[in-house]
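Trainee: I have a new model open and would like to learn how to read it. Could you take me through it feature by feature?

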Amino acid sequence: MNFYVQSLFIAIPLFWILIFIEIIVSKIKGINVNEHEDMISSLSSGITNTTKDAFKIGIVLVSYSWLVDNITVYKLESLWLAVFIAFIVQDFTGYWMHRLNHRVNMFWNRHIIHHSSEEFNLSCALRQSISETFKFSAVLMIPAALLGIPVKIFIILGPIHLFMQFWYHTRLIGRMGILEYVFVTPSHHRVHHAINPEYLDKNYGQILIIWDKFFNTFQKELDEVEPVYGTLRPSSTWNPILINFKHIWQLIKDAWYADSIIDKLRIWFMPTGWRPDDVKEKLPLKQIDDPYSQTKYKTKNSPMLLTWSWIQHLIAGAIMFHLFMVMDIENPSLLDYLYGLFLFIHIFSFTAMLDHKKYVILAEFFKIFLGFYLLYMQGNIWFNLGGVFVICIISYFIVSFILTIKFYLEHKPISS
């Protein structure tokens with residue numbers, strides 16, 4: 001089990017504790033920062049992201065290990081100096097990749113999931129991408145490679161640097177005095193997540209805010225301008241898997257319907273949100289022009305459905321941890337991939353139910369079919385679990401399918 005997966009067994013329970021504390025404090029302060037559907041969507045998105053990362057799904061165009069092996073000119077011997085430089089390089093790289101994801105049309109798809117929540121709370125920090133297919137950030141890490149900073153430092157530093165970005169996704173912490181000058185704080189990051197004209201595309205920093213100040217992308221939170229959260233083109237779904245690919249699907253459609261060959265090509269590299277004029281007329285999109293008139297996405301779900309959705313989410317978390325314990329991290333088998341696919345279909349199904357989508361029955365059917373197929377492939381064993389566990393799993397399949405039909409009939413489906 002690699003360091004990233006091992007760290008999840010510590011980080012995720014800690015995140016849950018902090019989220020629970022945020023809920024309690026928000027209730028005490030009388031500030032509503034959490035909605036059930038939004039939290040389920042955010043936390044389920046976190047499960048899909050960590051699962052995808054565990055499988056190392058993606059194409060590395062330039063790897064840091066290759067750079068170290070080929071361009072090192074001086075081997076830095078001091079461990080602590082190497083760690084310090086690695087941190088600076090990691091954060092600098094994070095700033096520019098973050099900025100790139102915001103500013104280029106085709107790269108926005110890699111990041112839109114993180115901004116799709118119309119709330120701002122700790123759970124939305126876990127909205128992370130599964131659509132980041134091509135990896136090339138190592139080109140910005142050349143200074144570290146020139147000094148021969150070992151790959152192992154970044155293997156450990158990477159998850160730590162990522163987890164350090166969790167805490168500032170909250171509305172409950174105000175300005176933090178002198179820290180505001182150096183580090184990214186909740187105030188800075190509220191600005192970043194806001195769609196107000198004053199705040200849009202500002203504060204890309206991940207740990208250090210100094211990059212924004214140096215590269216002129218800094219904006220402080222204004223007392224007279226309350227942040228409005230979300231995206232200018234709302235996702236309007238609780239399904240994290242759909243959100244991950246909505247933007248790229250729109251780009252594909254726009255490129256297809258564009259009359260100009262040049263527009264078909266340049267749409268991918270233009271600033272985020274750009275569309276050809278002829279496509280705007282053919283395929284008008286819902287867009288927020290006035291953030292203060294925003295109507296948040298909402299579906300009317302019964303307390304019973306919300307309770308069942310939370311149970312389904314907890315089952316998804318249990319599946320994820322069990323998958324990490326049984327899979328071969330370095331060389332996943334076909335069974336491992338199918339188990340991961342089962343988890344993704346499971347999440348797709350219960351979040352589609354929160355959206356009241358007509359295809360939820362089909363999604364649940366595919367999940368149950370794959371589940372029984374996995375049992376069959378392993379001789380009625382569920383990934384090293386047998387006996388009473390198999391009975392419980394089969395019972396769950398039946399109950400899940402029946403309740404999906406029940407909720408489908410009780411909640412009027414929305415056309416997909």
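Trainee: Let's start with a pocket. How many residues line the second largest pocket, and which of them lie nearest its centre?

Mentor: Before that, some ground rules: this is a predicted model, where local features need pLDDT of at least 70 and side-chain atom pairs count only at pLDDT 80 or more, while totals for chains, interfaces and linings use all residues. Residues are numbered from 1 along each chain as its sequence is written, and side-chain values use heavy atoms, with hydrogens and water left out.

Mentor: Now the general idea. Rolling a probe the size of a water molecule over the atoms shows where empty space is left. The search runs on a 1 Å grid over the protein atoms alone: a cavity is a set of points where a 1.4 Å probe fits but cannot get out, a pocket is an open set with protein on both sides within 12 Å along at least five of seven lines, and lining residues have an atom within 4 Å of a point. Here, 35 residues line the second largest pocket, and Trp108, Ile112, Thr231, Leu232 and Arg233 are the ones nearest its centre.

Trainee: Which elements give two or more residues to that lining?

Mentor: They are α4 (79–103), α5 (105–108), α6 (112–115), α9 (186–193) and α11 (240–257). Those labels come from DSSP runs numbered from the N terminus, with helices being H or I of at least four residues and strands being E of at least two. α11 provides the largest share of the lining, nine residues.

Trainee: What is the volume of the second largest pocket, and what classes of residue make up its lining?

Mentor: The volume is about 790 Å³. Grid points are joined across faces, edges and corners, and a volume is the space filled by probe spheres set on the points. As for class, the lining has 13 nonpolar, 14 polar and eight charged residues. Ala, Val, Leu, Ile, Met, Phe, Trp, Tyr, Cys and Pro count as nonpolar, Asp, Glu, Lys and Arg as charged, and the others, Gly among them, as polar.

Trainee: Next, the cores. Which residues touch the most other members of the largest nonpolar core?

Mentor: A nonpolar core is a set of buried Ala, Val, Leu, Ile, Met, Phe, Trp, Tyr and Cys residues joined through side-chain atoms within 4.5 Å. Buried means under 20% relative accessible area, exposed over 50%, and partly exposed in between (1.4 Å probe, protein chains only). In this model the largest core has 53 residues, and Phe342, Trp382 and Phe397 touch the most other members. Two or more residues come from each of α1 (3–29), α2 (36–54), α14 (303–326), α15 (334–354), α16 (360–377) and α17 (388–410). Apart from it lies another core, of 22 residues, with Leu67, Val89, Ile153 and Leu157 among them.

Trainee: What does Phe397 touch?

Mentor: Contact means heavy atoms within 4.5 Å. Leaving out residues up to four places away in sequence, Phe397 touches Phe342, Ile368, Gly371, Phe372, Leu375 and Trp382.

Trainee: Last one, backbone angles. What is the phi of Asn203?

Mentor: Most residues other than glycine have a negative phi, and most peptide bonds are trans. Asn203 has a positive phi of about 60 degrees, although it is not a glycine. Asn203 lies in the loop between α9 and α10 (210–214) and is buried, at 1% relative accessible area. Ser236 has a positive phi as well, near 55 degrees. Ser236 is in the loop between α10 and α11 and is partly exposed, at 30%.
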